[in-house]
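Subject: Structure for your files

Dear colleague,

Please find the structure below. My notes on what was found follow it.

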Amino acid sequence: MKIIEAINHVDEVKPNNYSQTEKIRWLSTLDGTIKAEIIDNYEGAESISFEPYTEDSLLRELLVPHPYDEVYIRWLEAQIDYANGEYGKYNNSITMYNTAYSAFVRYYNKMHKPIAKNFTHF
């Protein structure tokens, strides 16, 4: 899914007044977290680069592949609800996001070999 596709989809299903720039920032935060906390812990991470998204990034592919890319829609919905102060809706949205995120993490863990860590004993 491209950045613009995620933004257009959420704008269609959850009309809001937040700027495209803000939604790009939210998506950039999520993909930065995914890169640092998930991808970088597995072999092959060096072949996946991440630079924070900008207005010029609209046609870039987001990091999470189909069918797990629903995580982006759920993330944007949760951010909108939180920013609106609609905490009941936020709780539902963030639960749906967490479910989608967990599914992606399980998939990634199954499909990639973790990087061996060397621990020093004292």
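Are Trp75 and Tyr97 buried or exposed? Both residues are buried. Please keep in mind throughout that this is a predicted model.

Trp75 and Tyr97 also form an aromatic pair with a tilted arrangement, the centres being 5.0 Å apart and the planes at 50 degrees. Trp75 belongs to helix α3 and Tyr97 to helix α4, so the pair ties together parts that are 22 residues apart in sequence.

The two helices themselves come next. Helix α3 covers residues 70-83 and helix α4 residues 87-111; their axes come within 8 Å and cross at roughly 160 degrees. An angle over 145 degrees counts as roughly antiparallel, and α3 is therefore roughly antiparallel to α4. The crossing of α3 and α4 is left-handed.

On the α3 side, the contact is made by Val71, Arg74, Trp75, Glu77, Ala78, Asp81 and Tyr82. From α4 come Tyr87, Lys89, Tyr90, Ser93, Ile94, Met96, Tyr97, Ala100 and Tyr101. Sorted by class, the contact between α3 and α4 has 11 nonpolar residues, one polar residue and four charged residues.

Regards

Key:
Residues are numbered from 1 along each chain as its sequence is written. This is a predicted model: local features need pLDDT of at least 70, side-chain atom pairs count only at pLDDT 80 or more; totals for chains, interfaces and linings use all residues. Side-chain values use heavy atoms; hydrogens and water are left out. Axes are lines fitted to C-alpha atoms, for helices over the stretch in contact, and angles run from 0 to 180 degrees between N-to-C directions. Helices (H or I, at least four residues) and strands (E, at least two) are DSSP runs, numbered from the N terminus. Angles under 35 degrees count as roughly parallel, over 145 as roughly antiparallel, 65 to 115 as roughly perpendicular and the rest as oblique. A crossing is left-handed if the near helix is turned anticlockwise from the far one by less than a right angle, and right-handed if clockwise. Contact means heavy atoms within 4.5 Å. Ala, Val, Leu, Ile, Met, Phe, Trp, Tyr, Cys and Pro count as nonpolar, Asp, Glu, Lys and Arg as charged, and the others, Gly among them, as polar. Rings of Phe, Tyr and Trp (its six-membered ring) pair if their centres lie within 6.5 Å; planes under 30 degrees apart count as stacked, over 60 as edge-to-face and the rest as tilted. Buried means under 20% relative accessible area, exposed over 50%, partly exposed in between (1.4 Å probe, protein chains only).
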